[in-house]
Amino acid sequence: MDIAHFLFGIFGNVSALFLFLAPVITFKRIIKNRSTEKFSGIPYVMTLLNCLLSAWYGLPFVSPHNILVSTVNGTGSLIEIVYVLIFIVLAPKKEKVKILGLFTFVLSVFSAVVFVSLFALHGNSRKLFCGFAAAIFSIIMYGSPLSIMRLVIKTKSVEFMPFFLSLFVFLCGTSWFIFGLLGRDPFVAVPNGVGSALGTMQLILYFIYRDNKGAARKQTPAEEEFMEMGVAKPQQGKQSNANGTQG
C-alpha cells in the first residue's frame with residue numbers, strides 16, 4: 001500500500017466515522033424520553049449488516065491491502081450494534097419484535113457469509129463472494145438518501161437535507177472510491193463511486209435550494225430522522241404528503 005492509498009484510506013475512516021455518529025442526536029432524544037416514538041430502527045439494522053460484511057471483506061485473508069476498510073467498518077459495526085440494542089430495549093412491543101427479528105436475520109446472513117467463505121471458498125473465489133455481498137449492501141446504504149432528494153425536488157426546500165450530512169456522504173464516498181481505484185478493487189470503488197455521485201447530487205440540490213428552507217415549524221420525530229438517515233417513518237394525516245417518501 002503506497003502513501004496516497006494509505007492517506008485516502010485514513011480520510012475515508014474519518015469521514016465515515018462522522019456518518020456513523022450522525023444519529024447520536026436522535027438517540028439522545030430516545031434515551032431521554034425512554035421511547036423510540038415514531039423513529040424507525042430498520043436503517044440501523046441494515047447499516048449494521050453492511051458494516052459487518054465490509055469489515056469481513058477487508059480482512060487480510062479475504063482481501064489483501066484493505067485493512068483500513070475493516071477498521072472503519074468494524075468501528076461502525078460496534079456503533080450500529082449500540083443503536084440497535086437501544087431500539088430493542090426501548091421500542092414498543094411490536095417494533096421491538098420486528099427489530100429483534102431483523103437483527104437475528106442480519107446476524108444469520110453474516111454468519112452464513114463467514115461460514116461459506118471460511119470453509120467452502122479459498123483465494124480469489126472467497127474475495128469475489130465476500131466482495132459482492134459487501135458491495136450490494138454498501139449500495140443499498142448509500143441509496144437511502146434518495147428519498148430525501150426526492151422530497152427536496154418536490155418541495156423545493158432543503159429543510160430535511162442538512163448540508164454537513166450531504167457533505168460527509170460526498171467525502172466518504174469519494175475518498176473510498178479513490179482508495180478502491182488506487183487499490184484496483186472494484187468491490188470498494190464501485191459502491192463508493194455510487195456514494196460519491198449521490199453525495200454530489202445532494203450538494204448540487206442543496207446549493208440550488210439553499211435559500212428556501214421552508215416555513216419554520218416544529219419538527220416531528222420522523223422528520224428529525226429524515227434529516228439524519230433519510231428513511232424515517234411517514235407521518236399520518238396532514239403531513240403524510242410531505243413525509244411519505246420513505247426509502
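The following legends describe close-up views of a predicted model.

**Figure 1. Overview of the protein chain as a set of helices.** The protein chain contains 11 helices and zero strands. Read from the N terminus, its elements run α-α-α-α-α-α-α-α-α-α-α. Of its 247 residues, 49% count as buried. Among contacts with a separation of 6 or more, 75% are made by residues 24 or more positions apart. The accessible surface amounts to about 12000 Å², and carbon and sulfur atoms account for 72% of that area.

**Figure 2. A nonpolar patch on the surface.** The patch is formed by I3, F6, L7, I10, V14 and F18, which together have about 570 Å² of accessible area. One of these residues, I3, is found in helix α1, which spans residues 3–21. I3 has a relative accessible area of 61%; because values over 50% count as exposed, I3 is classed as exposed.

**Figure 3. Packing of helix α1 with helix α4.** Two packed helices are described by the angle between their axes and by the distance between those axes. For α1 and α4 (residues 67–90), the angle is about 10 degrees and the axes are 9 Å apart. An angle under 35 degrees counts as roughly parallel, and therefore α1 and α4 are described as roughly parallel to each other. On the α1 side, the contact is made by F6, G9, I10, G12, N13, A16, L17, F20 and L21. On the α4 side, the contributing residues are L68, T71, V72, N73, T75, G76, I79, E80 and Y83. F6 and I10 take part in this contact, and F6 and I10 also belong to the nonpolar surface patch.

**Figure 4. Packing of helix α6 with helix α9.** Helix α6 covers residues 123–143 and helix α9 covers residues 186–209. Their axes lie 8 Å apart and form an angle of about 5 degrees. The two helices are therefore roughly parallel to each other. From α6, the residues K127, L128, G131, F132, A135, S138, I139, Y142 and G143 meet α9. The partners in α9 are F187, P191, N192, G195 and L198.

Figure 5. When neighbours within four places in sequence are left aside, V113 is in contact with L53, W56, F129 and C130. V113 and L53 are 60 residues apart in sequence, while their C-alpha atoms are 8.0 Å apart in space.

**Figure 6. A salt bridge between K98 and E95.** Side chains of opposite charge can pair when their charged atoms come close. Here the side chains of K98 and E95 meet in a salt bridge, with a distance of 3.4 Å from N to O. The count of salt bridges comes to one. Both residues lie in helix α5, three residues apart, which is about one turn of the helix. K98 is partly exposed, with a relative accessible area of 37%, whereas E95 is buried at 7%.

**Figure 7. Helix α7 and the residue that follows it.** Helix α7 spans residues 146–155, and its buried residues are S147, I148, M149, L151 and V152. The helix is followed by K156, whose phi is positive, near 55 degrees.

Notes:
Residues numbered from 1 in each chain as written. Predicted model: local features only at pLDDT ≥ 70, side-chain atom pairs only at ≥ 80, totals over all residues. Heavy atoms only, no water. Patch = residues over 30% accessible without salt bridge, like charges linked within 9 Å, V, L, I, M, F, W, Y side chains within 5 Å. Areas by Shrake-Rupley, 256 points an atom, 1.4 Å probe, with all protein chains shown as cover. Salt bridge = Lys/Arg side-chain N within 4 Å of Asp/Glu carboxyl O. Helix = DSSP H or I, 4+ residues; strand = E, 2+ residues; numbered from the N terminus. Buried < 20%, exposed > 50% of the residue type's maximum accessible area, 1.4 Å probe, protein only. Axes fitted to C-alpha atoms, helices over the stretch in contact; angles between N-to-C directions. Parallel < 35°, antiparallel > 145°, perpendicular 65-115°, else oblique. Contact = heavy atoms within 4.5 Å.
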